[in-house]
Amino acid sequence: MNKVSTLILFFALLSSLSNAQNQLKTVGPEKGSLVIVGGGNMAPELWSRFVELAGGPAAANIVIIPTAGEDSSASKAPRETERLQSLGVKNITVLHTRDPKVANQESFVAPLKKATGVWFVGGRHWRLTDSYLNTLAHKEFNAVLSRGGVIGGTSAGATIQGSFMVRGDTKGNSIMIGDHTQGLDFIHNVTIDQHVLRRNRQFDLIDVIKSRPELLGVGIDEGTAIVVQQNTFEVIGASYVAVYTAEQIANNAKYPSGQNSTGGPFFFLGKGQKFDLQARKVINQQPVRFNEPAK
């Protein structure tokens, strides 16, 4: 190989490396925010943060997607509409279809083009992928984020936001890796579980991460959320968020949550704590609590 060919190959490799680094630049959205809720009752704090990120009550234009629900209720979202109205939001649209051909129509996605926020209601998240994955609606969801808006959701509306879906099997939600695994990928290389402590699910993501070690696992309890902006998430709400990585599972690192524990395959973060999604490290670790003598 001559010098010219060697230089060409060298710069091609540099370009390839640069492109790869750019692709990994952010794990969450480049612009905008995600509010990912673990299900259950949502305190006013969670709804208020969503509305604030959508531009505030006066400016917010919210599209509610109830498609994950059963057919009998999927075309309506009275509870979510009422809660948003109680916070002063006036511009609310409920958008629903089971047909991806409809989700590809300009007339259907028209409300999304004006939206500052999108909310995914709970249910079964495979229904959302069957209806919206890789459609014009999916493109417009991403456009909401690109304009600096917010996408939120609870339960199934939480899991759908990740790149890899657990509990997406049409035969039942106890199957962790089933016939639907592709999420809407608003947050990359991440799988999200919900109702984690309330339904005793805290160990369920371990085998998923063992089989797919490239993924970050995030398990969110009820009444709790993570707010994602670029490479950072913050925990808000009443309970805890569990974090799973292949390294944590393999090494059982000591004191991952800043407590006097012996480590474990996952660790918990509480309200106000932040996590670096790219480095996969806690940003504001709680101080270690030393063993106290028995009284």
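Keep in mind throughout that the model is predicted.

**The nine-stranded sheet**

Begin by showing the strands, and look for the open sheet that 9 of them form in the order β3-β2-β4-β5-β1-β9-β10-β13-β14, with mixed pairing. The edge strands of this sheet are β3 and β14 (281–282), each of which pairs on one side only. Now select strand β10 (residues 232–237) together with strand β13 (residues 274–276), which run antiparallel and are joined by 3 bridges. If you pick out Glu234, you will find Lys274 of β13 standing opposite. As background, strands of a sheet pair through backbone hydrogen bonds, either parallel or antiparallel.

Select strand β7 (residues 187–194) and strand β8 (residues 216–220) to see two strands that run parallel and are joined by 5 bridges. Within this pair, Thr191 has Gly217 in β8 as its bridge partner.

**Helix α3 and its two sides**

Select helix α3 (residues 78–86) and colour Glu80, Thr81 and Leu84, which are its buried residues. They cover an arc of only 100° around the axis, which means that they lie on the same side of α3. On the other side of α3 you will find Pro78, Arg79, Glu82 and Ser86, which are exposed. What do the buried residues of α3 pack against? Their packing partners are α2, β2 (61–65), β3 (91–94) and β4 (117–120).

In soluble globular proteins, nonpolar side chains tend to be buried together. In this model the largest nonpolar core has 45 residues, and those with the most contacts inside it are Ile65, Phe120, Phe141, Ile226, Phe233 and Phe275. Helix α7 (residues 136–146) gives the largest share of this core, namely 5 residues. Centre the view on Ile65 and, leaving aside its neighbours within four places in sequence, look for its contacts, among them Leu95, Val118, Phe120, Tyr132 and Phe141. Another core, of 21 residues, lies apart from the largest one, and it includes Val35, Met42, Leu53 and Ile62.

**Aromatic rings**

Finally, show the aromatic side chains, among which the count comes to 13 aromatic pairs. Select Trp47 and Phe50, whose ring centres are 6.5 Å apart and whose planes are at 80°, so the pair is edge-to-face. These two residues are 3 residues apart in helix α2 (residues 44–53), and they are therefore separated by about one helical turn. Trp47 is buried with a relative accessible area of 5%, and Phe50 is buried with a value of 0%.

Then select Tyr244 and Phe266, whose ring centres lie 5.1 Å apart with planes at 35°, so this pair is tilted. Because Tyr244 lies in strand β11 (residues 241–244) and Phe266 in the loop between α10 (246–251) and β12 (267–269), the pair ties together parts that are 22 residues apart in sequence. Both Tyr244 and Phe266 are buried. As a last stop, select Phe108, Phe120, Tyr132, Phe141 and Phe186, which ring pairs link into a cluster.

Definitions and conventions
Residues numbered from 1 in each chain as written. Predicted model: local features only at pLDDT ≥ 70, side-chain atom pairs only at ≥ 80, totals over all residues. Heavy atoms only, no water. Phe/Tyr/Trp six-rings, centres within 6.5 Å; stacked < 30°, edge-to-face > 60°. Helix = DSSP H or I, 4+ residues; strand = E, 2+ residues; numbered from the N terminus. Buried < 20%, exposed > 50% of the residue type's maximum accessible area, 1.4 Å probe, protein only. Core = buried A, V, L, I, M, F, W, Y, C linked by side-chain atoms within 4.5 Å. Contact = heavy atoms within 4.5 Å. Arc of directions from axis to C-beta. Pairing = 2+ DSSP bridges.
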